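Subject: Structure handover

Hello,

Here is the structure I promised to pass on. Please open it next to this note; the findings follow below.

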Amino acid sequence: MVKKHMLLHPLIPINKETFFTSTEIYHHSVVEAYTYCRERNFVHLWGYLWINWYNRVDWNLFARASFPSAIPLARTTMLVESHWRVLKYNYKYNCNRPRLDRLTQILTKELIPDQISTWERFNNNREFPSWWGAFKSEWKKALDADIKSDDRYLTNVDTWICSCPAFIKNTYMVCKHLVKTYTDRDPTFPQYATTNRRHDHPFIRFGEACTRIDPANRPWSETSQSLFDETEGPMVLDEDNSLEISIHVRNELIESRIAGLVEDKKTFESLIAITSDNVQNDEFYNEYKKLTHTLVTETKACQEALMARSQQRTWNPPRNSRLAFRLN
Ligand SMILES: [Zn+2]
């Protein structure tokens, strides 16, 4: 389930006519994970999932949907780690912690020329990168698979998307429906030189070389502001998607609450003053005690919760601490 949540993306349909937005994917994933834990009463599991994975900050670190306009080709940091391994064991194996000038020399005189010649071999079809073998075997597997003739899924070869569950899980964005539709159109087996994997629609393109990503979707040309809005905005947007208006409305609401609290403070102070004046009046005092009992217990529970070393409860609030349960 968590893997599925990680892989969902706004550019891939989840069924025949639905594409979720990033916010919807986040919302649905959190609700699904929460409901799973809630139904089985897995208190600690949900605590762990929320603290480490499903809160907004950590979600953005692991879910593909956190960047809505493109999908990375790699899912893990393995490529980078493998690059460090090559540099460490193939090039600087006999000098531990080299000086910076030696390291620069290793990079420019050894590693980069070797990389260039590898790329030239790829270009001349004399050697293939490791992903090509895996891609071919996925393609063959998809070609051999049987397809039931119902048309439950949205399959589009031009944008290279399919709404079946196999497509979203496949590393190379290949599924039997797409391969079948593509092969009906062009029965030749794809060649390395003409197969381009891309970050946005179409995810795989056959033909002459093209850019890996639509220039409009380049993450490094996006302003950081728009990413910030995407992550920090409220869950429900206005109809015309006007994020600024909803943030403005929210700020106004907070302002009015602060003003209300100032009023409350004055009221409570005058209540205490009136009660001190009537402290001899038994009936008045008993009535005052009864009325303020709930507020006083709630406040004490809040104070205890703020001082407590242990975690608060996960599901229902304990009696007499409804406020404390909702403390941040
Ligand atoms: Zn499919």
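Which helices each supply at least two residues of the lining of the largest pocket? They are helix H5 (78-91), helix H6 (100-123) and helix H7 (130-144). Helices here are DSSP runs of H or I with at least four residues, strands are runs of E with at least two, and both are numbered from the N terminus.

Some ground rules. This is a predicted model, in which local features need pLDDT of at least 70 and side-chain atom pairs count only at pLDDT 80 or more, while totals for chains, interfaces and linings use all residues. Residues are numbered from 1 along each chain as its sequence is written, and side-chain values use heavy atoms, with hydrogens and water left out.

**The pocket**

About 1100 Å³ of space lies in the largest pocket. Its lining has 23 residues, and Leu 79, Ser 82, Pro 129, Ser 130 and Trp 131 are the closest to its centre. H5 gives the largest share, six residues. By class, the lining has twelve nonpolar, seven polar and four charged residues. (Nonpolar covers Ala, Val, Leu, Ile, Met, Phe, Trp, Tyr, Cys and Pro; charged covers Asp, Glu, Lys and Arg; the others, Gly among them, are polar.)

**The cavity**

The whole structure holds one cavity of 30 Å³ or more. Of its 13 lining residues, Pro 72, Leu 73, Thr 171, Met 173 and Arg 197 lie nearest the centre.

Both terms rest on a 1 Å grid over the protein atoms alone: in a cavity a 1.4 Å probe fits but cannot get out, whereas a pocket is an open set with protein on both sides within 12 Å along at least five of seven lines; lining residues have an atom within 4 Å of a point. Points are joined across faces, edges and corners, and a volume is the space filled by probe spheres set on them.

**The zinc site**

Cys 162 (SG), Cys 164 (SG), Cys 175 (SG) and His 177 (ND1) are the protein donors of the zinc ion, 2.1 to 2.3 Å from it. (Donors are N, O and S atoms within 2.8 Å of the metal, or 3.2 Å for Na, K and Ca; water is not among the atoms, so sites may look incomplete.) The site is tetrahedral, with angles of 106 to 114 degrees among its four donor atoms. Cys 162 lies in strand E2 (residues 161-162) and His 177 in helix H9 (residues 176-185), so the pair ties together parts 15 residues apart in sequence. Both Cys 162 and His 177 are buried, meaning under 20% relative accessible area (1.4 Å probe, protein chains only).

**Aromatic pairs**

A search of the whole structure finds 26 aromatic pairs. Rings of Phe, Tyr and Trp (its six-membered ring) pair if their centres lie within 6.5 Å; planes over 60 degrees apart count as edge-to-face, under 30 as stacked and the rest as tilted. Trp 131 and Phe 135 have ring centres 5.9 Å apart and planes at 80 degrees, so they are edge-to-face. Both lie in helix H7, four residues apart. Trp 139 and Tyr 182 are also edge-to-face, because their planes stand at 85 degrees, with centres 5.7 Å apart. That pair links helix H7 to helix H9, 43 residues apart.

**Backbone**

The peptide bond from His 201 to Pro 202 is cis, with omega near -10 degrees. Trp 160 has a positive phi near 55 degrees.

Best wishes

Methods: Tetrahedral: all angles 85-135°; square planar, octahedral: opposite > 155°, others 65-115°. Buried < 20%, exposed > 50% of the residue type's maximum accessible area, 1.4 Å probe, protein only.
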